[in-house]
Amino acid sequence: MPSATVNKHRPSELLSRLASADPEVKVRALRELKNQIIGNRTKKLSFLKLGAIPSVACILADSIDEVTENNCNSNNTNNILVQSAAALGSFACGFDAGVQAVLDAGAFPSLLRLLANPNEKVVDAGARALRMIYQSKLAPKYDFLQQKNMEFLISLLSSEKENVSGLGASIITHSCATNLEQKALFDAGILRKLDGLLEGGSLSQRDASLESLATIFRNNPEVISKFAGPEIGRPFSSIIDLAKDRHPRTRLLACMCLIVIRKASPHFLQDIGIKTKIIHILLELLDDPGQVGDEAPFAFSILIAQKEDLQKLSLEANAIDKLHHHLQKGSLHPKRFEGILLALADMCSKLESCRSKFLSLQVLNLVADALTDYNSGVRTAACVCLKSVTRSIKNLSAGYFMNEIIVIPLVQLFLDPSSSVQVAALGAVSNIVVDFTTRKSVFVQCGGMNQLVQLAKSMESSVRSNALWALKNFVFQADNRLKESVFSELTASLLSNLICDPEPSVQEQALALVRNLVDGCVNLIEFVFAEGGLILEAIGRQLQCASKAEIGIQGMYALCNVASGNEFHKEAVIQQLFTQMDDKNQSFVIKFLQSNDSQLRIATVWTIVNLTCPSSHGAPGRLEKLHNAGITSQLKNMVNDPCVDVKLRVRTVLGKSMAFGDN
């Protein structure tokens, strides 16, 4: 027989006590429920399935109604309000399923009503629960543009109660998303309120205010400039001071706020001392064993992304050594592991000196191991890191990356269940297969080429695009046999379909792949004539309706390479240039020659150069067609083109034209 004590703690028995008419029994049951689920996702899920949240939400709503209707403010009623709010907050804390269940049960308006209760403990419990909800992306969005909502927000931030003002800051962090909302918050004086909490608030209030300020500043230089004006006083100094605070989370949030300011308005915080200090603080925070240490590498990554000056300062601060040291520890939390790999990726994205340091420390082996990690975020980050390191032409030429240790796990990731991992792996492979040595056979032997062809048929457009990008690089300056193998796997029908894909990025990469496939000997040009010239016709159709310059550039270079062939090839190209033109339609060639994109003008003029080669007996006839289509006249307007390459090629064509008697 189970004891009475065991029965008392069973979930079903606990829920039955929630329905007790005795308020003391109900309070004890609510407290016990809260204590059981705190920090325990399994227990939260168990009670959620048993319907505990609607029961607690009902208790909360009934107790609020009792206070309102009967003006009841007894200790028992207040205790029920406090414990039911605490239980709902515990369900919502770090548990999106709990947040959704709380919202579905209609508890959110009830928790808001608690903020008007005369009892401070009740108000605090309600505010604390609402803050837990606002930690989730599922929390309701707050409309700052309504005057009554803004007044309510100001009242929250003006409260001396820590959780109430913290709730106001949490609402801003969660809901402020547009420049209009950021400006509205500034105009309402919210930034002065937040700055006041930075100066004189508690630890919790300072941290919440830093997060809110970062949200209001994000990508909004106008608000930052106003904040830096005379209205606020010492605007950035309080944030800079908090970056030196003794509490690790405060230091991290202050650094993140400064990073947001610098990203949006680079002319602020230019002092090299401040930049160096932020770098050192973030690197030191990597040593924190908790959440701060998990988040620090992401903040560091955002700081240095695309910034050579900061990457150089970080290298001088031994950032790669420190990141490597943490990787060597092993058994890292997945989020920290991912963040460190992304930080290394950004460190190696620009500077060859950083890549050299990375390779000298043999970090590459640890990154290769991460390719097989159980966590998809870590696998993705490892691929991103490899993509950065393999941007080095010097190291690609040395053949450092085309080996089984790197290539085999990358190819295996082509079959990863996560499309994000697939795309990241393709990105890394796109660099590695450029390999200027003759070792591309390693990639073929492990099935890489066949897998790329299969991924080019993926339902995901990003996967198709990146697979084609990798194939394009794979055949770059490859020998004829390799190109023939790739083409036989792809087939003309698949390539023509990809050229006409609904997604512009896929169209561009398919055209670029054809460009590289037919670059070389005359025999390779025959690819575009396979299956009745499907590929050549697809190129012509796509150029006629190209949605962006990049598609035109790749398409024209593909035709340019075809036009470098024999008379048959040149005539086929000239036919594509004018097939779809009639009296009402201007040739896309003229549109391209008039483009603001110099690369598109160059590609088009180079095609005309190849079509009008003087050694070709059909050149006069093709020049006549160009003249009749108004293209020669357009070229005459380009003799002083601002692009030197365009100007030289135009003069070459016009010189040929004059040699054949066209004045």
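Which helices each supply at least two residues of the lining of the largest pocket? They are helix H9 (120–133), helix H11 (162–175), helix H14 (203–217), helix H17 (248–264) and helix H19 (291–304). Helices here are DSSP runs of H or I with at least four residues, strands are runs of E with at least two, and both are numbered from the N terminus.

## Basis of the model

The model is predicted: local features need pLDDT of at least 70 and side-chain atom pairs count only at pLDDT 80 or more, whereas totals for chains, interfaces and linings use all residues. Residues are numbered from 1 along each chain as its sequence is written, and side-chain values use heavy atoms, with hydrogens and water left out.

## The largest pocket

The volume of the largest pocket is about 1400 Å³. A pocket is an open set of points, on a 1 Å grid over the protein atoms alone, with protein on both sides within 12 Å along at least five of seven lines; a cavity is a set of points where a 1.4 Å probe fits but cannot get out; and lining residues have an atom within 4 Å of a point. Grid points are joined across faces, edges and corners, and a volume is the space filled by probe spheres set on the points.

The lining of this pocket comprises 35 residues, and Gln 135, Thr 173, Glu 211, Arg 249 and Leu 253 are those nearest its centre. By class, the lining has 13 nonpolar, ten polar and twelve charged residues. In this scheme Ala, Val, Leu, Ile, Met, Phe, Trp, Tyr, Cys and Pro count as nonpolar, Asp, Glu, Lys and Arg as charged, and the others, Gly among them, as polar.

## The largest cavity

The whole structure contains one cavity of 30 Å³ or more. The space in the largest cavity is about 40 Å³, and its lining consists of Arg 262, Leu 269, Ile 274, Lys 275, Ile 278, Leu 303 and Leu 310. Helix H18 (residues 272–285) gives the largest share of this lining, three residues. Five of the lining residues are nonpolar, none is polar and two are charged.

## The nonpolar core and Phe 217

The largest nonpolar core has 229 residues, and Phe 217 and Ile 239 touch the most other members. H17 gives the most to this core, with ten residues. Such a core is a set of buried Ala, Val, Leu, Ile, Met, Phe, Trp, Tyr and Cys residues joined through side-chain atoms within 4.5 Å. Buried means under 20% relative accessible area, exposed over 50%, and partly exposed in between (1.4 Å probe, protein chains only).

Leaving aside neighbours within four places in sequence, the contacts of Phe 217 include Leu 191, Phe 227, Ile 239, Cys 257 and Val 260. Contact means heavy atoms within 4.5 Å. Asn 219 lies in the loop between H14 and helix H15 (221–227). The phi angle of Asn 219 is near 55°, a positive value in a residue other than glycine, and Asn 219 counts as exposed because its relative accessibility is 58%.

## Helix H33 and its surroundings

Helix H33 (residues 492–499) is mostly covered, with six of its eight residues buried: Ala 492, Leu 494, Leu 495, Ser 496, Leu 498 and Ile 499. These buried residues pack against helix H30 (448–455), helix H31 (461–474), helix H32 (480–490), helix H34 (504–517) and helix H36 (530–544).

Thr 491 is in the loop between H32 and H33. Its phi is near 75°, a positive value in a residue other than glycine, and Thr 491 counts as partly exposed because its relative accessibility is 30%. Ser 465, in helix H31, counts as buried because its relative accessibility is 8%. Beyond its neighbours within four places in sequence, Ser 465 is in contact with Ser 505, Val 506 and Gln 509.

Lys 357 belongs to helix H23 (residues 352–360) and is partly exposed, with a relative accessible area of 28%. Not counting residues up to four places away in sequence, Lys 357 touches Leu 315, Ile 320 and Asp 321.

Over residues 106–133 the chain is 79% helix and 0% strand, and the end C-alpha atoms are 13 Å apart.
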